[in-house]
Amino acid sequence: MFNDDTLKKKQLLDEQLMAAMAAMPAEAVPPPPPPATNWSGISLKHSYGPDDIKDMDFQDIGIPGNYPFTRGNYPFHYQVEPMLMNQGYGFATTEETRQRRQFLQDLGSRSQGGLVTAVMTLDLPTQRGLDPDHPAAAGKVGECGCSFSTLDDFSEYFDGLDITKLFTALLAIDNALPINALFAAYILDRRKENLADMWNLPCNLFHHQQFWDAAGYPPKTALKMSTELIKWHIDNMPLACPGAFDGYNLGESGAPPAMEVAFALAHTIAAVEECQKVGLDPNIVVAKYLGHPHVTQNFFEEVAKLRATRRLWAKTFAQRFGCTSPDALRHKIVIAQTAGTELTAQEIHNNIIRTTIMAMAGMMADLEGMWVVSYDEAISIPTEEAVKVCVRTYQILQEETDLPHVTDPLGGSYYVEWLTNQMEQEIVKIMNQMDELGGYLKCWESGWIRGQIEAEAAKRFTKIQTGESVKVGVNKYRVEEIAPPAEIYRRPIEIEQKAIERVKKYKENRDHEKVKAALENVKLAAIKVDKEWPSSGGVLMPALVEAARAGATAGEMSKVMQENLGYGYFSG
Amino acid sequence: METKTKKRVLVTKSDQDAHEVSVRYLTQLLRDKGMEVIFTRYAIIDEVVKTAMEEDVDVIAMSFYSSGLMYDTTRLMELLKEQGLKDDIKVIIGGTISDQEKKELLQMGVDDVFMPGMGTLLDVVECVNC
């Protein structure tokens with residue numbers, strides 16, 4: 001990277017500094033401060049120079065828009081395409097959620113190609129495959145998201161909107177296959193439009209037991225479900241991106257940045273291998289994966305992590321899977337999310353500063369899009385006032401500052417390039433460790449992955465408790481004994497009754513025999529997926545679409561799947 | 001003969017809610033304090049009272065990130081009363097809870113409520129232990 005003359009000059013400067021310090025009286029020279037260690041465990045020097053990256057191959061840095069995409073995926077980026085505003089929202093029923101979407105649109109919130117974002121958080125019962133009238137849904141309908149279970153819900157939300165101009169992502173977790181089947185049925189039967197025209201980002205998070213201990217599908221089944229989701233969208237909705245490279249939830253659960261990427265990448269490799277088993281081309285599958293990383297306030301560590309992720313992605317899928325398509329090798333980080341774990345209930349407006357720093361890290365890493373969370377997410381789902389600040393954060397960074405003028409402005413920094421290398425090595429080290437322990441799937445099934453994450457979460461909490469990690473206004477400079485009472489959003493209780501009545505009415509007004517027969521086909525498809533995989537690959541999602549068209553609810557479809565594919569606790 | 005037995009605590013959370021990091025850490029802190037902790041996830045709140053009876057616990061500690069707070073807690077207190085356990089089992093609720101909700105929870109017989117920004121998890125540990 002540098003010629004001998006440059007390195008010699010650097011060495012000379014170091015020697016001069018050491019000599020000058022040695023010449024000073026001992027009492028005048030403070031002892032050198034201990035080097036900092038970043039959250040991923042990498043020990044840092046006090047400053048960096050050309051000697052720290054002298055052995056690097058310039059090809060690994062390259063130029064923006066070129067393999068291995070360390071410096072971003074595009075030669076011109078924010079100069080022509082502002083960062084996409086992919087913040088999610090959703091609460092109560094479709095009506096209230098639709099009002100929030102309009103509110104965001106009026107503020108100027110925009111996503112891909114000017115499309116209006118429709119990243120919708122669904123409520124917890126929906127995420128677990130429960131209709132609002134299920135006993136386990138009681139008290140939880142419409143509270144942490146919007147309740148969705150029938151074609152009527154889709155009509156309530158989407159009727160009158162140009163769905164070909166929406167960037168739609170329904171965060172359905174375990175219910176993702178039935179919810180996307182309902183979306184397909186809505187497009188085909190109620191809108192009479194083409195599936196091929198839709199920009200859909202179906203939620204692909206069947207592997208969540210890696211980091212949550214909530215109920216879920218068994219690991220091997222989760223990989224099959226992911227494959228079903230991906231295959232159906234590739235075959236039917238080519239604009240959709242059904243692969244999720246999810247680091248956010250790993251990070252929120254406790255994984256430090258390098259560990260987050262290692263686990264997310266190991267999962268993606270396994271998921272792509274599963275897709276190969278059913279005959280899908282990795283060039284097409286890998287291109288369907290969008291990044292959803294966690295971005296904390298560790299500014300340089302996050303920038304380096306995100307640059308290392310793109311480089312490792314390109315190399316992994318080129319070298320290990322033989323991918324050649326530029327679309328596959330460019331890892332598109334479209335929904336990087338600012339860390340909820342960084343936010344505090346005390347002095348809650350300080351969270352605006354925190355999310356801005358995190359959003360700036362995303363911009364400095366040249367990400368395609370982000371989900372800047374609202375300052376009140378420490379205590380509640382977002383109020384209108386708080387989401388307005390989120391939208392203004394993107395707009396101010398993009399339109400009032402000089403941040404977007406130059407692509408990858410940190411590229412070539414001794415420190416940033418060195419740290420990018422170190423983060424890449426740390427990620428690879430954790431992935432190798434999993435190989436030594438018997439492979440990723442075994443690490444997932446045994447609970448090893450969750451154990452690692454939990455241990456890291458505990459370390460982080462202990463550091464906050466002891467004051468080793470500073471949270472301003474919480475464990476340092478604290479002036480309030482108790483945070484002032486916060487405005488916490490609660491959906492009116494009538495919302496739940498309204499949703500229950502709506503689903504009951506939906507169930508009354510349909511051809512029961514037709515629904516029963518369609519659900520029987522879902523059952524047969526699920527059994528085939530369970531017993532005849534991978535030759536049965538691709539049978540489940542079409543059966544679900546037909547069931548949705550016949551009038552089945554998401555909860556009814558999920559129930560059949562859970563009964564036939566297993567559902568519960570399978571990780572450790 | 002040992003007369004003092006270890007305090008038994010049921011720490012539990014709805015299996016629909018993924019916001020579990022701090023409640024898991026609480027579990028570890030309680031164990032570090034020498035308490036016996038049973039950590040569960042429940043599908044329906046009725047399961048919590050069943051587990052509390054089977055495990056003969058002294059304390060039930062529940063965590064909510066909003067979803068189901070008032071419904072589940074109301075039902076929990078009703079069931080404890082029905083079983084005659086209300087005076088034997090201490091109930092502690094933590095999570096994203098408003099002032100008004102705290103008042104209502106205390107009125108229905110919850111022993112203590114921990115809200116965002118109130119103190120630290122060590123205060124919760126102390127409350128469980130006393």
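The contact between the two chains takes 26 residues from chain B and 32 residues from chain A, where two residues count as touching if their C-beta atoms, placed from the backbone, lie within 7 Å. On the side of chain B that touches chain A, H1 and helix H3 (69–82) of chain B each supply at least two residues. H1(B) gives the most to that side, with four residues. Helices (H or I, at least four residues) and strands (E, at least two) are DSSP runs, numbered from the N terminus.

This is a predicted model, in which local features need pLDDT of at least 70 and side-chain atom pairs count only at pLDDT 80 or more, while totals for chains, interfaces and linings use all residues. Residues are numbered from 1 along each chain as its sequence is written, and chains are lettered from A and ligands numbered from 1 in the order in which they are written.

Chain B holds an open sheet of five strands in the order S2-S1-S3-S4-S5, with parallel pairing; two strands pair if DSSP finds at least two bridges between them. S2 and strand S5 (112–114) of chain B each have a single partner strand and stand at the edges, so one side of each is left without a neighbour in the sheet. On average, neighbouring strands of this sheet are turned by 20 degrees against each other, direction ignored. For such angles, axes are lines fitted to C-alpha atoms, for helices over the stretch in contact, and values run from 0 to 180 degrees between N-to-C directions.

Strand S1 (residues 8–14) of chain B is mostly covered, with six of its seven residues buried. A residue is buried if 20 or more other C-beta atoms lie within 10 Å of its own, exposed if 12 or fewer, and partly exposed in between, with C-beta atoms placed from the backbone. S1(B) pairs with strand S2 (residues 36–42) of chain B in the parallel sense over seven bridges, and Val9(B) has Val37(B) as its bridge partner in S2(B). S1(B) is also joined by four bridges to strand S3 (residues 59–64) of chain B, again in parallel; here Leu10(B) stands opposite Ile60(B).

S1(B), helix H1 (residues 21–32) of chain B and S2(B) make a right-handed β-α-β unit; right-handed here says that, with the strands pointing away from the viewer, the path from the first strand over the helix to the second runs clockwise. H1(B) lies across S1, S2 and S3 of chain B and runs at about 175 degrees to S1(B).

Chain A has an open sheet of four strands in the order S1-S9-S8-S7, also with parallel pairing. Its edge strands are strand S1 (84–85) and strand S7 (294–295) of chain A, each pairing on one side only. S1(A) and strand S9 (residues 369–371) of chain A pair over two bridges, and the bridge partner of Met85(A) in S9(A) is Met370(A).

Two helices of chain A also pack against each other. The axes of helix H3 (residues 94–107) and helix H5 (residues 151–158) of chain A come within 8 Å and cross at roughly 30 degrees. H3(A) and H5(A) are therefore roughly parallel to each other, since angles under 35 degrees count as roughly parallel, over 145 as roughly antiparallel, 65 to 115 as roughly perpendicular and the rest as oblique. The contact is made by Thr94(A), Glu95(A), Thr97(A) and Arg98(A) of H3(A) and Asp153(A), Glu156(A) and Tyr157(A) of H5(A).

Some loops of chain A carry backbone features worth checking. A cis peptide bond with omega of about 5 degrees joins Tyr67(A) and Pro68(A), and Pro68(A) lies in the loop between H2 and S1 of chain A. Another cis peptide bond joins Trp533(A) and Pro534(A), with omega of about 5 degrees; Pro534(A) is in the loop between helix H19 (512–531) and helix H20 (540–550) of chain A. Lys192(A), not a glycine, has a positive phi near 55 degrees, and it counts as exposed because it has 7 C-beta neighbours inside 10 Å.
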